Amino acid sequence: MIPRPIQRLLLTTLYDAFAEWADAFAFACRKGCATCCTRSVTMTSLEGDGIMTFLAEADRLSALSAPAFQPTASRMGQCTTNTFVAAHLRGESVEEAESWDLRPCPFLKEESCTIYPVRPFGCRLFASLDPCAASGVAEMAPGYLAGATALLQYIEHLDSGGRWSTMVELLAGLRTGQADGYGQTTAAIPGFLVAPDERDLVEPLLQGLLAREVENQTFAQWLRKARP
Ligand code: SF4
């Protein structure tokens, strides 16, 4: 198990590596466009802890008591990213989410994110090659989703044995000390779902991240210590 402060450093390192990689895509996303900011954003408890710390330091924790942050009955599927990938690798059919809660994220104010520095990776990966506000449908670049999904898997692996759920649900659980009552248990990486024609794009992202050093060890070395 990796100490929480190191996990947070690793998470920041991953965010930085992803931002540099994603910068090469000509996405249409601009500040003020918030079509993708909904209550269906998911995250791990590792990311949730970072949001709780950010809110506490800004004396904003009481905001989580507002009605907008009350969780609704979960509509998510029963799989985390890694359990979803594991099922696919075993050739099993996977239960899809019944529906998405597309109401605006409660952290969205005047089309801007009020926790921007600590927004979870589920927010950071949203991107579209074409403006999607009118249609609500994002146009993904080939290979982009495979790279982003692999990093979602790394984050879940770092937080193995933690929780995975929607941001609204997990924050409700963290606020009341009952996070185990929400979502699913996070799991280690079982493998990846990168297609052969996506490897040239995804490999530099993964290899570059694995070679980065955090507290005198590479990201790859830390990953090997992450299992609970
Ligand atoms: S946390 Fe911020 S970036 Fe993420 S969905 Fe909410 S408003 Fe959007």
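Of the 228 residues of the protein, 46% count as buried, meaning under 20% relative accessible area with a 1.4 Å probe and protein chains only. The model is predicted: local features need pLDDT of at least 70, side-chain atom pairs count only at pLDDT 80 or more, and totals for chains, interfaces and linings use all residues. Residues are numbered from 1 along each chain as its sequence is written, and side-chain values use heavy atoms, with hydrogens and water left out.

The protein has eight helices and seven strands, which are DSSP runs (helices H or I, at least four residues; strands E, at least two) numbered from the N terminus. Overall values are as follows.

| Property | Value |
|---|---|
| C-alpha span along principal axes | about 45 × 40 × 35 Å |
| Accessible surface (Shrake-Rupley, 1.4 Å probe) | about 11,700 Å² |
| Share of that surface on carbon and sulfur atoms | 54% |

Helix α2 covers residues 45–57 and reaches 18 Å from its first C-alpha to its last. That is close to the 18 Å expected at 1.5 Å a residue, where the expected span is 1.5 Å times one less than the number of residues. Its buried residues are S45, L46, E47, G48, G50, I51, M52 and L55. The cover over them includes α1 (4–22), β1 (42–44) and α5 (144–158). Just after α2, D59 takes a positive phi of about 55°.

Around the ligand (a heavy atom within 4 Å) lie C37, V41, C105, F107, L108, C113, I115, R119, C123 and M167.

Definitions and conventions
Buried means under 20% relative accessible area, exposed over 50%, partly exposed in between (1.4 Å probe, protein chains only). Contact means heavy atoms within 4.5 Å.
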